Each structure stands twice: as structure tokens, then as C-alpha cells.
Amino acid sequence: MALRFQSNVDFTDVPIPTAIRPTPPSTGATIRRAKTLTRPERSVAPHQFTGSDYNGSEIWRLTSRVLTFWAPGFLLSSLGGLKDKNVRQAWREKMTLCIIILILCGVVGFATVGAQRVLCPQDQSTQTQFLRFNSAPGTLGVLGHVYNVSSASSSPVNLLALSEASSAQDITQLFNRDASDFNACSGLSFRVALDAPCSNTNPCPLGNINSSSTFTSLGMQDTGDLVGYSWQQVTALQNYFVIDGAVLNMTTYMNMHPTGVPTDDVDAALRTLLQTTVSVSGKDGTRLFYSRSDLQSAVPCLKQRYYAGNIDKITPGCFASQLILYAGLIVILGLVLIRFIMACIFSWFLSGRLAVAPDSDTLNRNAISPAVMPEGANVSIDNRAGTAPWAGTGGGARKLGKKDYKSDRSFASSTTLTNSSSDSAVAPVMSLASIGAELFAICLVTCYSEGEDSLRTTLDSISRTTYSDSRKLIFVVADGMITGAGEKNSTPDICVGLLDADPRFGNPTPMLYEAVGSGEKAINRAMVYAGHYTVAGRRTPTVIVVKCGTEAEAAAGKKAGNRGKRDSQLILMNFFSRVTYNDRMSPLDFDLFRKMHILMGVTPDFFEVVLMVDADTKVFPESLGALVNCMHNDQMIMGCCGETRIANKRQSWVTAIQVFEYFISHQMAKAFEAAFGGVTCLPGCFSMFRLKARKTSGDDWIPLIIKPEIVKQYSQNDVTTLHQKNLLLLGEDRFLTTILLRTFPNRKMMFLPQARCKTVVPDTFKMLLSQRRRWINSTVHNLMELVLVRDLCGTFCFSMQFVVFMDLLGTVVLPIAISLTYTLIAGMAIDPPKTFEQAIPLLLLISVLGLPGILILITTGKVVYCFWMLIYLAALPVWNFVLPLYAFWHFDDFTWGETRKVEGEAKQVDHSVGSKKLNNESVPLRRWEDWERSRLRKIRREERRRREFERQHPAGYVVGQDDLLSARDVRSQYDGSDSFSIVSSEDDHWGMQIGGYNEESSQYPPPPVGLILPEDRRLESAKIVDASELEAMLESGFDDRQPSPVSTPAYTPRYQLSDNGSSTQLAATHNGYAPLTRSTSPTNTPTSPSFGASRAGPGGARERYGPLGPLDPATKF
């Protein structure tokens, strides 16, 4: 019924071609809409995810097939049950990711443990290879070997005295030996090879060096070690030099030949090294001797005959392993210390400045009005300021013009405006003091299967915040006709039951909108309930959107309307994006516009921030104000989250192990990221985003979360690859943060510890597995996106990009990390470390686990959190081994699992699944002016029909269901004819898409004509009455009588069509917001006595009714 006129009306609203300028009609100036018509989502293909196209990167797909060659497709289909091609590809990609993670874990394990054992094996020979010269008393060296002489005899040489003089010194020259004993010297003609070792110059009092009995008789014991020398020691010792690492003692040769030997090249080389070369770091003859062949032939002989030890140095392998160890120590310990220090600095100095209320200088400055659209989106010849059509043009009054249907179809979809003011070149500005410190904030509460207690707790906490009711609007979205497990009533019934509905809006009508989904799920319907949430004397404007599904879904009765949390968020994001740009609205958007305007007294473009809260979250009273102050104090902040604490911490062991994990993820991880303005994940349970921000110059708006590119990326329907599904179907909140950081890398994402909330966490291990599976997989894929963003804060290793990379690496190697940790603890207990290098891993472990405990005492001062930390440490195998492994193996599971159970549901299906494809053009999209024109025509048409019906039926009529007019049956029961019924919009193309209520009916007061100041600031704008005025008021008295409803017409539209005889002019204020005036009824202002008009309630009782509903909420109790 609603869409039966599709063939007669153009639903697409084709943009005006920008190449050829159409001829403007004669009725008035045309809207140019240069920016709106060239918006990216209308002409450019949707944003493609980094590293993937529509079907994924070909290289990645090929890699997944190569690594899973052992699993042919027919086996996966027949034995594995993976019938669908996309499901098989997702399985292959999952296995490929698992293989890559396994390789990374192997690399980390090798670098931590294996590198040292492979490159520098610590066996007995290498551990005791060298004994440093002059370091071990009671030892002497013979041919480079260390001997223990502590029990040696003192005859014929006092060996113990030599050891005391210089331990491990070379005494080879004291032993008897012959030149023929050195076979390496045979055939050489140099004096170093021919001279007798023992002579009158060099006496040898001890026995033969080649006989073991000599050492036994002297009481010398071989230790098995070699004498080690440092380069400094070689430099200090006379007649010592080094060849290829071997230390040679040439004392006997130099004593025998005090002067040079003619024609002996080796002698000349020796004297060059020992007498003429001056070195401060040792004497190395390797290059000299190996550069000439004749000298090189003497090297083996020199090593065999004059060897005294070796340079005490580590091998290249040991050096490389130590380099890896120290590099890991510097990087990891550096990151841990920097995180700790920056978290403390943020907690002590930075966060407090953000939470304070803005100063008077900030509020007293003039800036662009919220009614002005960004980037010239609504610029026309007569509206050069670009104000919204519902706010007046350039500060002047205006009226809606009549369409010229005779022109080109694409041009006819534009709007004609008539401006009575010629001065429209300057954009309307306003003083920020008129809004005040409390920005207009909308509180989005998404719910799915929560119970009444959870919903009531959340709504109570938001309503009870210290934030003024006139500045906040609760926006609840019920995701489908769902009944939670164990609940008697459905979630929509619970939500609507908590609402004090506004009688002005009657029963809501299901409205069409474009949903997030494919196939038949691409279209959805929703009903908008509007009213107030009343608690403890607070009365907060509230809108409840119930997604009820299409007619086919409602007939099926299975989770009708359910599209997921992302779709719930996009209802709000799409709405504000279309309001901000005056883009084409769906019927749901226009219904929201009308009801939000009536509830709040201002058009929706006055809202600047949105607080996103889950339905099981309790917001602390000061939190909303603190987050708004944060937005006030730094215009570069586009998102901010508070600290989330656990409400059911003592419910079970599962909740107990999460307490410290929540604390440290906020107070350390997010605080560190906030110090640089780059928080990588704003949790969806409690985060505030800026809808739009004023430029620094204050002359234009910059849309942020409602920027068309952001909305388009976040609302992608066709997600086919594993990467896309993990981004969009599991971690919506983290992905929203990712695309914001990627689009606005120079803006800030912050964490504010002064804003707090409590939430209910999973209390069973099965629910925890399901939740963390989604969170871990979402984290991995979002960090893969962020690590490629080059414009983040810092450079190289001192950048957020490097921190993101380390977080990504740390996440995927958690299983091997915890395994190595327990291996390290066991190894240290069995064999305590003896050197600093061996203690490095223990130092890292202590720093990683101990610094958070210090942070607890510094930031909170609560020792009880140390107890929760011990519980967390005891559960480390669960956090770092069980949960990651489970998540990695379920990379291809895109359902929400056990986190949100629905009554009677067996197995969940992700929201991207759809069957037959529908045409999205069946959702009518029109601009606000077109919807408003149709609404006014519908009202006039209904009034004409009512008058005609009254004339035809003098006996009266009644208004039945769906606004059907029925005459009272005054005929006989035997007449045989039914009563008449007339559909009010049967000849209107758009009437069925517009709500059947009339918010401008005379029995209800109009919305406020200006900004309502909070209670504590009302007196600032109050008028001071002088003595003469007071005297006149006392003489004339007050008239408390209510105006007669008979003299008031049934409706008085805000705007009149140009074809009407009389037009209602709108007096625009200085800020560009057009107040509403009525020529036939008394003009009401927020401070006038007549504003609190009374209306007839049930039973004829009258109750006072203000801009936010009944003025005395206590009458409801």
C-alpha cells in the first residue's frame, strides 16, 4: 500500500548535473547545492579496505591456497561440511593466519631462547674455555694452559711465589725443550724456528715439558682452561703480540737477539710490532703476517713454539645472541617504562585539565551557528550563508516555494527558496554563551536482549546525571522484536513500558529506512516512540526506535527487524549526516526530525556530541558533564571514552579475573595512548563522539563521525572476505575508532579517567570465551589496518605506528609468551642466574608484572587492587594462552555466540547473510523541504476532508484506527450497509510515509522559540523590571484564564506553501535559528506566563504542560 505509487514518482532524487547549469524557474532562486551533489558516496565507489578488494587481494587468496594445498576443496565440501565457496575460502584464510601466527611464535621463541643456545652453546668446554690472566690466584700458564700451583713444591723454582706475583703468567720458558720438538718449524730458515729454546741466555731449570711426570713431580694440576688475555693486558706486557687471536710470548727470542738479525724478514716483522709500533689497544700482527707469503709460512711455527694463551673474547655467535638479547631488553623495557611514565603524567597533569568546566573566554566568543551547513552544502543565490531550510536564510524570514514540475526531472527535485532579506552574504553567528557549557548531547543506548533491570539501570543513570534535561536526549534503539533468554516480555515491550509517552505523537507508524544488510535484509522498518523518561524528579526527553522488520519478516516472526548493533548506530549517524548536509531523508529520518524538534525545542542540528552506551552500563552522575567538558576544552578531540569498571566483580571466579584486566587496560594502556591523542579503541559501552566540530576560525563546520565518508565506510553491506567480516561483524566499536583515526589522523582520541561507568561482564567461562573471541579477532584485524596509517603521532620507533605494530605482534604471540614465561620461572628456580645476561629475562618479567602494581598505588591509592592483580596473575594462562588460541582457531566464526542469547534460538547467523536481493530504491529518499511540504499538504487535505465529513454527517464522527474517519451509525440495523471510512492520505503519494500525528495541534503548546537555558542559568537571561513597569503590572493585574480552544484553528503550520493566500513569516534570531510564531494564537516564549499552557487530561482533569511535558513530574507518582 505504501509504495503503490512508485511508478508515478521519482524516488531516486537524481542529483543536478554540475557540468550544465539548468535554467532556473521563474518562481525564485534555486539551490545550487554544489557540495551536496558531489559528495563522495554518490559518485565514488565505496571505500575498499586496506589490503583487500571486493573479493580480497589476489596475492592473499593465492597465498591461502598454497599454504592449504593439503586440504582440497572437494574434501572440505564432502568431509568438512563446507558447502559454500565463500565459507571454504574463509576457512583457508583462517588456516593461513594460524600458520603465520605459528611462524611468528616460533620466531619469538627462537629469539628469546633458541638463539642463545644455537649461536652460543653453553656446554662445559665453552663455559670454562678461558681463565683471565691475573684474575685467579694460585695459577700459572704453560703453553697457554692454566695449571693450579697452590700445592706445588718450591724447588727448584718457587712456583707459588710466581703465581702471587702475577697469576696465570706464562712460565713456558722455564721448562726444558728442544727445537726438534716443534714439527711446525721444520723446513724454515728463520731464526725463530732454528734457535734452541734453552741456552745460557734462557736457562731451563725445570724438567721436560713434554713429559707428564714433570708436572706431577712439581705438584702442578691442569685445570683444563686456557689463559685469556685482554687487549689492554697484551699492550701492557713487554714482548707480547697477537696473531689471529693467539697471544705469543717472544721474551726468549728477544733476549737471545737484542739486535736485529740481518736478512731475516720474520725478525724484521717482529721488531716492527714489538719495538717500533706504538699502540694503546694491543699489538695485532695478523694483517702483517698474512699479507706476505714468506711471513705467513712462519705463523704455525710461532703459534706452536711461543703460544702463551688467547684473546679472551666471545665468539661471533655469542655476540649476536647477546645483541638480540640486549635489543629486546631495550625495546621491551623501554616501551614498558615509557607506557608507565606517560600514564602517570597523563593521570597527574593532563586529564585534570580536560575535565574542568570551560572558562568564560571560551563561552563568550562568537562562532558559526549550528543552523549553518558545512562546506557550503546549502548555498544558493539567496542563501549565500548556507543556512538550513528549517532555520531561515541568512537571518531573514523565508517560506517554502512551490516546485516547478514542468522543468527537467532532475532539476525539479531541487527546492526553490524565496528570501525576503537581501543581506545574506554573512553566515549567521552566535555567542556560545547562549548554548552554555552544556552542549546538546544525545545519549545513544543500543539494546538487544537485555532485561528490564539492566535497561532501567542504564536509563536511570543517564537521567540522573548532573547534566541538564534540556540539553540531553536519550535515544534508545531496540534491535528487533527480540525476547531475551529468561525474559517474559520482549525488549521493545520493556523499552516502551519504561517510557512516559507524549500524547501529541499518538501511536507510531512503522517507517522505512535503508538497513545494514544484504539481500532482503537491506530494507527495514522502525517505529519511533517519543516522550520522557521519569525518575526521581528528573524528566528527560527520550526517543525509542523499535526495529520491527518488513512485513515479510513480521509474518515470519523470527527476530524480525534484527540487523545488529552497527545498524542501530547507523540509524543515528545517517540521520545526523543527512540533517547536517540537508541530504535526502528516509521516512524514519523525517519522523525522528519532527519528534526530536518537539521534544527538545531546537532542531536536531543543534546537537554536537553523542554518548554511546550499552544497555547494561551504569553511568556515574558526573560522567556526562566531564566528557562534554573534555570536548569543550580541546576542539581537536573527536572522541573520548571514560573508565569502565565491573559491577558484578564478586559474582564468580570469571568476573573476579576480569577486574584488574579492565583496570590496567584503561589506566595504563589507554592513558598512555591518550597522552599522544591516539586511543586505538573507544569501547562501545561508554564513549562520546563529536558529531561535528567548528573550525579554528569559527566560520565553518567540520563533520566528524557523521562525515559522509565515515558513514559510508561504516555502513558497508557487502562484506565477503575474512578480514572484512572480522572488522564489521565482530568489532564495530573498534572499527569505528579505526576509520576515524585513519580519516582524521591529526585529530585526537582521548581517555578521561574522571568519567566512569560500571558494566556487567560475562559471569561464566563460556560467555567469556565468546566475548573475548570477538574482541581478540577484532583487535588483530583492526591493528592490521592501523599499522598502515603513516600519519599517526611520532616517527620511526618513537611513533604510535610503532606502538600499534608492537601491540599487534604482542597480541598474536601471547601463547608463546606465556609458555616462555613459565619456562623461565621454572628454569630460574632450578638454576638461578649467575650473570647479568642470564638475569635479563627475569628483569623483563619483573618490570612487566610489577610496574602495573606500582601504577595502582600511584593512580588510585587503593591497595585492594593489588589483591585483584594477584587473582589476574594467577589466571594468566587463561588470558594469554586459552583465550587467544580459541580466538585464533575461530577466525571464521562471525556470530556473537553466548554473549547475547535469545529465547528459543539454537544457532546464530551473522547479519551479513541475506537471501534474495531487493531494490534499495523502494525506500523513498527526499529532502526535508519536500517532506515538510507533503506534511503541510496532508494536514490541509485532512482538514478539508474533516470539514466535508462533518457537513455530510451532522450527527458527528469518530476517529478510528489508522486515522480512519467513521460516521456514527444512526441508521437501522437492518439497512444492510456498512459505515463509511475514508483514508486520510489516499490521494497523496507520500502521505503513508508521514506520521499521522499533528504536533502543531492547538491543544498542545508549540515547541520553545529559542534555546532553553539550564535551571541554574535561567536568571542570567531574565529581564530586569523597573519601578514604572512593575507599577503598571500591579495596576493591570494578571489574566490566568486559559484561551478558548474554540477560536483556535485545528492547525497552524510553521511554513506556508507559496500557493496559499497567507504566509507565516519566521522571525529569525541572531543565531540563525528561526523561532516559531503563530498569527492566530498567543505567542509563547520560554519566560512568558502563558508558556505553561494547560491541557485536558484523562477524566477532564487539567495538568500544566511545558516544553518538556508536564511541569510537575510528581503528579505521575
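These numbered points walk through the structure shown above.

1. A word on the ground rules before the tour. This is a predicted model, in which local features need pLDDT of at least 70, side-chain atom pairs count only at pLDDT 80 or more, and totals for chains, interfaces and linings use all residues. Residues are numbered from 1 along each chain as its sequence is written, and side-chain values use heavy atoms, with hydrogens and water left out.

2. Let us start with the whole chain. The protein chain contains 37 helices and 35 strands; helices (H or I, at least four residues) and strands (E, at least two) are DSSP runs numbered from the N terminus. Of its 1117 residues, 54% are buried, where buried means under 20% relative accessible area, exposed over 50%, and partly exposed in between (1.4 Å probe, protein chains only). The exposed surface comes to about 49,700 Å², with carbon and sulfur atoms supplying 57% of it; these areas come from the Shrake-Rupley method with a 1.4 Å probe, and for residues only the protein chains shown count as cover.

3. Contacts are worth a look too. Taking contact as heavy atoms within 4.5 Å, 77% of the contacts with a separation of 6 or more join residues 24 or more positions apart.

4. Next comes the interior. A nonpolar core is a set of buried Ala, Val, Leu, Ile, Met, Phe, Trp, Tyr and Cys residues joined through side-chain atoms within 4.5 Å. The largest one has 173 residues, and Phe-475, Leu-592, Met-596 and Leu-736 have the most contacts inside it. Beyond its neighbours within four places in sequence, Leu-592 is in contact with Phe-475, Val-528, Val-543, Val-545, Ile-571 and Phe-575. A second, separate core has 25 residues, including Ala-193 and Phe-241.

5. Leu-459, in helix H19 (residues 452-463), counts as buried at 5% relative accessibility. Setting aside residues up to four places away in sequence, Leu-459 touches Val-445, Ile-474, Val-476, Leu-498 and Tyr-533. Leu-498 is 39 residues from Leu-459 along the chain, with 9.1 Å between their C-alpha atoms. Ser-163, in helix H7 (residues 159-165), is buried with a relative accessible area of 2%.

6. Now for the aromatic rings. The structure holds 26 aromatic pairs: rings of Phe, Tyr and Trp (its six-membered ring) pair if their centres lie within 6.5 Å, and planes under 30 degrees apart count as stacked, over 60 as edge-to-face and the rest as tilted. With centres 5.8 Å apart and planes at 70 degrees, the rings of Phe-440 and Phe-607 are therefore edge-to-face. Phe-440 lies in strand E15 (residues 440-447) and Phe-607 in strand E21 (residues 607-614), so this pair ties together parts 167 residues apart in sequence.

7. Finally, the annotated segments. An unreviewed UniProt entry places the feature "transmembrane region" at residues 94-115, 323-350, 812-830, 842-861 and 867-891; UniProt positions follow the numbering used here, feature names are shortened, and annotations may be inferred rather than shown by experiment. In the model, residues 94-115 are 100% helix and 0% strand, with end C-alpha atoms 29 Å apart. Residues 867-891 are 88% helix and 0% strand, and their end C-alpha atoms lie 34 Å apart. The charged end of Lys-94 sits over the ring of Trp-889, 4.2 Å from its centre; the rule asks for NZ of Lys or CZ of Arg within 6 Å of the ring centre and within 35 degrees of the ring normal.
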